Amino acid sequence: MGFKDKHECWCGSGEPYETCHKNFDKKLNEFKKKKCILPPKKLIKNKKQIEGIREASKINTMILDAVEKQICVGMTTEQIDQIVMSETKKLGGIPACLGYEGFPKSVCTSVNGVVCHGIPSKKVVLREGDIVNVDCTTIVNGYYGDSSRMFKIGKVSDNANKLVNVTKECLDLAVSKIKPYSHLGDIGYWVSKHARENGYSVVKELGGHGVGLEMHEDPFVSHLGKLGQGMILVPGMVFTIEPMINEGRAGVLIDENDGWTIYTEDGSLSAQWEYTLLMTETGLEILAK
Ligand code: MF3
Ligand code: CO
Ligand code: CO
């Protein structure tokens, strides 16, 4: 190691530590003295990584835009998979879900009482009144973007409409409340507060996650939590918030046959929205939506 190497920042930017993360480390040290839990350094992305994740997230957003334009009554969830597949290719990405731990399709499509990880199928036809989550993750130049949206098929019931809207409000509320050096638990606090105020329950077994260099990184982002608890969220962290909110009880079941599909235990409706988020010096920036 030469003289220059010794002064290179730990973030991998290649820049001198003094002008890169030195002040950042000073700030974090203040929180450490206050007994806060700090994120491990590997969760702090450098500028180049952030630009890569930004690009993957932009393309992921464009893929969901294409789904949004075409989704309609009578379409099968298999056709949604085909839209994602062809759009991803066209935009120069790779569908991250395809083959992930054996997942057989390019995207997750979760209809009505399916909470998440629904497998696209020719047998699942979208009917008037359905609500469906399309959850897409894309790899571009090795970087990952991950987001999901709800779609209302034709005219939906007032109940379904409210569940979809309130779930998005849960996500947007958390995004607006979380600032640099907020705690991980604050996310779950704001999400669950808004869900419960509307009479809904929050799925606890699944959550958001760090993302960017892999599909799933630390930390696990629970949608239940207490203010001031858990790791602090610092500039350079990239993670998802993706609340799964049930109309009825919070309990979920996994499909024993396919090993993927997660249902509500009581058969009630479930909704989910997801963003990929970057913590900046001023707050959360939405990278993928
Ligand atoms: N996109 C999902 C998430 O938000 C994960 C997809 S699971 C897979 O974490 F198996 F479909 F890849
Ligand atoms: Co996702
Ligand atoms: Co995710």
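1. Let's start with β6 and strand β10 (residues 244–246): 2 bridges join them, and they run antiparallel. Two strands count as paired if DSSP finds at least two bridges between them. Helices (H or I, at least four residues) and strands (E, at least two) are DSSP runs, numbered from the N terminus. Within this pair, Ser-201 has Asn-246 of β10 as its bridge partner.

2. A word on what you are looking at: this is a predicted model, in which local features need pLDDT of at least 70 and side-chain atom pairs count only at pLDDT 80 or more, while totals for chains, interfaces and linings use all residues. Residues are numbered from 1 along each chain as its sequence is written, chains are lettered from A and ligands numbered from 1 in the order in which they are written, and side-chain values use heavy atoms, leaving out hydrogens and water.

3. Back to the sheet of β6 and β10. It is an open sheet of 3 strands in the order β6-β10-β13, with antiparallel pairing. Its edge strands are β6 (201–202) and β13 (270–272), each pairing on one side only. Helix α5 (residues 158–177) packs on this sheet and touches β10 and β13, with its direction at about 35 degrees to that of β13. Contact here means heavy atoms within 4.5 Å; axes are lines fitted to C-alpha atoms, for helices over the stretch in contact, and angles run from 0 to 180 degrees between N-to-C directions.

4. Another open sheet of 3 strands has the order β3-β12-β11, again with antiparallel pairing. Here β3 (114–116) and β11 (252–254) are the edge strands. On average, neighbouring strands of this sheet are turned by 40 degrees against each other, direction ignored. Between β11 and strand β12 (residues 262–264) there are 3 bridges, and Leu-253 stands opposite Tyr-263 in β12.

5. Do look at the hairpin of β7 and β8, which has 6 residues between its strands. Gly-212 in the turn has a positive phi of about 140 degrees. Strand β7 (residues 208–210) and strand β8 (residues 217–221) pair in the antiparallel sense over 3 bridges, with Gly-210 opposite Glu-217.

6. Which residues come nearest to ligand 1? Of the 14 around it (a heavy atom within 4 Å), they are Asp-135, Thr-137, His-216, Glu-242 and Glu-274. A polar side-chain atom of Asp-135 lies 3.0 Å from a nitrogen atom of ligand 1, and one of Asp-146 lies 3.1 Å from an oxygen atom of the ligand.

Methods. Polar contact = N/O pair within 3.5 Å; in protein donor to acceptor, adjacent residues only side chain to side chain.
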